[in-house]
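Below is a briefing on one protein model with its ligand. It covers the sheets, the helices packed on them, the domains and the ligand site.

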Amino acid sequence: MSLIERARAAVGPVWEQHYATRKDNQAKVLQAFHAARVGSHCFHDSTGYGYHDAGRDALETVYARAMGAEAALVRPQVVSGTHAITLALGLLAPGDEVISLSGPPYDTLQQVIGTTGTSKRSLLQRGIRYREIALNDRGAVDLDAVGSVVSKQTRMVLLQRSRGYSWRPSLDIAALQQVIALVKSINPDCICFVDNCYGEFVESLEPTDVGADIMAGSLIKNPGGTLAVSGGYIVGRRDLVEEVAEGLTAPGLGGRVGPTFGLSRSLLQGFFMAPHVVGEALAGAVLAAQVFTDLGYEVSPLPAAKRTDIIQAVKFNNKDALLAFCAGIQRASAVDAHYAPIPDAMPGYADEVVMAGGTFIQGSSIELSADAPMRPPYIGYLQGGFSREHVEVALQGIVEDIQE
Ligand SMILES: *Cc1c(COP(=O)(O)O)cnc(C)c1O
């Protein structure tokens, strides 16, 4: 048996364990479609102001229902996850205090907060007070610190579910529930915000099911199911979502305007497919974890570990090995396979980043892709994959490369 075949046999039981979650999520999304009465009239296109866009309204009802939230804003005009998160941070006013409870947030948010960069629009420049609580040495939220730092004056806390580009465990739903309950016991009015990027449909509940007031993510990650061509979502408490919508459009307009240009069908269909696609991406991540473990690399999470995001990190400890891994992912892409990924400066990122993945949608990371900031210990972050077969084919090529 080849290394890949042995790895596939080894992870079979893990794949099987993920089945129940996939099925629960598929049933939940189907119920949301029924509750929103999605019909073929939802697939017409809208232009201009986008008044009375039935598809957009159905899409937002579906997102809210499936995520256990009161309301949703799901728009192709939201250009990325960073944009969606920034819109939610727009709930903060000068003088407010916001605390990140999961250490430094994702790279692109540093300039939004103002911990790097010189933007006059950053939170710090606008007079919002920002603090950070580091994760403890087990990579979990430091509950003692939360208890002493969060106060009646804290307007918002930030929690990032996914590891992002860092070597730490992701925060699972049970952990998020516990932290949110603690924050609410100190200050019931504190807004608990969760960056849910890469987390959707990995567990059978979402942060808004367990007390998060508001949460945001990208449509070219999990919930777009590979079909969304652009967009982001914000879901949560109705009053907060309405305020965020005014930040996206204008006071008085809010979420009642915004054309969908005929995208409602693919956004709805992508969301319908998302539980399956996320399940496939996870199956691929588990296989990759096993393969790179067998090749002698340190991986996180371990193949059989409980997962709460789709990211698989592999520590290469060597720049060339990391670049070879990224090149292998690129070679296995359906699009742009004949290009080699090269590290480059990216807006919002501190280090040069390699982004591998010839994707149908530019930058889509629910499609098979790998990213790596060029800094020691040279960790590659693998995610996505429309099917586990595609991930396996990619891994096969990388293993052959390494074994030569
Ligand atoms: C991807 C990601 C973001 C930012 O999303 P973009 O769409 O790349 O702007 C923020 N937080 C986390 C955890 C992410 O994974």
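**Sheets, domains and ligand site**

Strand 8 and strand 9 (residues 312-315) run antiparallel and are joined by 3 bridges. Helices (H or I, at least four residues) and strands (E, at least two) are DSSP runs numbered from the N terminus, and two strands pair if DSSP finds at least two bridges between them. The model is predicted: local features need pLDDT of at least 70, side-chain atom pairs count only at pLDDT 80 or more, and totals for chains, interfaces and linings use all residues. Residues are numbered from 1 along each chain as its sequence is written, and side-chain values use heavy atoms, with hydrogens and water left out.

- Ser300 has Ala313 of strand 9 as its bridge partner.
- The open sheet of 5 strands has the order 8-9-12-11-10, with antiparallel pairing.
- Strand 8 (298-300) and strand 10 (353-356) are at the edges with a single partner strand each, so one side of each has no neighbour in the sheet.
- Neighbouring strands are turned by 20 degrees against each other on average, direction ignored; axes are lines fitted to C-alpha atoms, for helices over the stretch in contact, and angles run from 0 to 180 degrees between N-to-C directions.
- Helix 8 (residues 264-294) lies across strand 8, strand 9 and strand 12 (379-383), at about 15 degrees to strand 9.
- Helix 9 (residues 319-331) packs on the sheet and touches strand 10, strand 11 (369-373) and strand 12, where contact means heavy atoms within 4.5 Å.

- Strand 6 (residues 214-218) and strand 7 (residues 232-236) pair antiparallel over 5 bridges.
- The bridge partner of Ser218 in strand 7 is Gly232.

**Domains**
- The chain is divided into domain 1 (3-23 + 271-403) and domain 2 (47-259), with bounds from an automatic or database domain assignment.
- The contact between them takes 40 residues from domain 1 and 36 residues from domain 2.

**Ligand site**
- Residues surrounding the ligand include Tyr106, Tyr198, Ser218 and Lys221, counted when a heavy atom lies within 4 Å.
- An oxygen atom of the ligand is 2.5 Å from an N or O atom in the side chain of Thr82.
- A polar side-chain atom of Asp195 lies 2.6 Å from a ligand nitrogen atom.

Notes. Polar contact = N/O pair within 3.5 Å; in protein donor to acceptor, adjacent residues only side chain to side chain.
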